[in-house]
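Subject: Handover of a structure and its findings

Dear colleague,

Please find below the structure that I am handing over to you. My notes on what was found in it follow directly after.

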Amino acid sequence: MIKAIIFDLDGTILDTIYDLCNSVNYSLKKHNKKEITLDDAKSFIGSGIKNLCKKALREDIDILDIVYNDMINNYYENYNILTKKYEYIDDILLYLKNKGKIIGVLSNKKDEILKKIVKEHFNDKFDVVLGDLGIRKPDPYNLKKICKDFNIKMNELLYIGDSDIDVLTVLNAKCNGVFVSYGYRTYDELKNAGAKLILKTPKCLNEWIINNIK
């Protein structure tokens with residue numbers, strides 16, 4: 001029986017890519033580097049913002065720390081301009097709460113900014129919100145910590161994400177996983193990463209949860 005459902009943030013419950021891309025491009029432009037496209041940003045995201053900046057710089061990683069710091073400072077001020085919830089997410093969370101489930105967010109976004117974004121979009125709906133405090137996905141440490149903190153077994157936890165990093169996290173943790181292709185990775189990318197169950201729309205995710213989480 002599934003007792004806890006933990007969500008990735010970017011590309012799973014929130015569409016954050018526009019604000020992320022704009023902040024990266026602000027920093028790249030400031031340092032006379034080639035800006036990235038929205039599709040670039042989608043393919044680069046998943047392993048934390050510093051890694052996003054590293055991929056955006058391509059071969060110019062000698063100024064990575066400078067570009068990253070400028071990007072972060074800009075993002076802290078502009079992280080919630082175009083960011084929005086995906087359709088059906090509120091319905092999903094309400095359903096899970098009514099079923100008495102533990103719900104949470106685990107992301108590779110910096111913990112401080114993650115908690116601010118989650119608070120602004122979801123108030124206090126989540127029981128646990130964990131970001132990057134030094135240990136990032138695909139390391140299973142934080143999923144194991146959630147299980148320990150809530151006294152549940154790993155096979156009683158379901159993780160929902162949208163990236164190859166999320167697939168690896170589930171495989172490393174040996175927990176249940178559901179993956180969505182409406183975010184920042186395609187169906188084929190998720191399948192090639194090892195995903196077994198891939199849902200194409202937020203509506204499909206909502207229907208799957210209603211039919212499978214009792």
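Are Tyr75 and Tyr79 buried or exposed? Both Tyr75 and Tyr79 are buried, where buried means under 20% relative accessible area, exposed means over 50%, and partly exposed lies in between (1.4 Å probe, protein chains only).

Before the remaining findings, a word on the basis of these notes. This is a predicted model, in which local features need pLDDT of at least 70 and side-chain atom pairs count only at pLDDT 80 or more, while totals for chains, interfaces and linings use all residues. Residues are numbered from 1 along each chain as its sequence is written, and side-chain values use heavy atoms, with hydrogens and water left out.

Aromatic pairs

The structure holds four aromatic pairs. Rings of Phe, Tyr and Trp (its six-membered ring) pair if their centres lie within 6.5 Å; planes under 30 degrees apart count as stacked, over 60 as edge-to-face and the rest as tilted. One of the pairs joins Tyr75 and Tyr79, whose ring centres are 6.4 Å apart with the planes at 65 degrees, so this pair is edge-to-face. Phe122 and Phe126 also form an edge-to-face pair, with 5.3 Å from centre to centre and 80 degrees between the planes. Phe122 is buried because its relative accessible area is 0%; Phe126 is likewise buried, at 9%. Ring pairs link Phe7, Phe122 and Phe126 into a cluster.

Nonpolar cores

A nonpolar core is a set of buried Ala, Val, Leu, Ile, Met, Phe, Trp, Tyr and Cys residues joined through side-chain atoms within 4.5 Å. The largest such core has 53 residues, and the members that touch the most others are Phe7, Ile13, Leu96, Phe126, Ile160 and Leu205. Helix α4 gives the most to this core, with six residues. (Helices, H or I with at least four residues, and strands, E with at least two, are DSSP runs numbered from the N terminus.) A second, separate core comprises 21 residues, including Ile102, Met154, Phe179 and Leu190.

Which residues does Phe126 touch, leaving aside those up to four places away in sequence? They are Phe7, Ile13, Leu93, Ile103, Gly104, Val105 and Val118, where contact means heavy atoms within 4.5 Å.

Salt bridges

How many salt bridges does a search of the whole structure find? It finds 16, a salt bridge being a side-chain nitrogen of Lys or Arg within 4 Å of a carboxyl oxygen of Asp or Glu. Among them are the following.

- Lys125 and Asp90 form a salt bridge in which the closest N and O atoms are 3.0 Å apart. This pair links distant parts of the chain, with Lys125 in the loop between α6 (111-122) and β5 (128-132) and Asp90 in helix α5 (residues 89-98), 35 residues apart. Lys125 is partly exposed, at 31% relative accessibility, and Asp90 is partly exposed with a relative accessible area of 31%.
- Asp132 and Lys110 meet through their side chains at 3.9 Å, N to O. Here too distant parts of the chain are linked, as Asp132 belongs to strand β5 and Lys110 to strand β4 (residues 102-110), 22 residues apart. Asp132 is buried, at 9% relative accessible area, whereas Lys110 counts as partly exposed at 33%.
- Lys145 and Asp149 have their closest N and O atoms 2.8 Å apart. Both residues lie in helix α7 (residues 141-150), four residues apart, which is about one turn of the helix.

Backbone features

The peptide bond from Lys137 to Pro138 is cis, with omega near 15 degrees. Pro138 lies in the loop between β5 and α7.

Two residues other than glycine have a positive phi: Asn32, near 60 degrees, and Asn123, near 55 degrees. Asn32 is found in the loop between α1 (17-30) and α2 (38-44), and Asn123 in the loop between α6 and β5. Asn32 counts as exposed because its relative accessibility is 72%; Asn123 is exposed at 53%.

With kind regards
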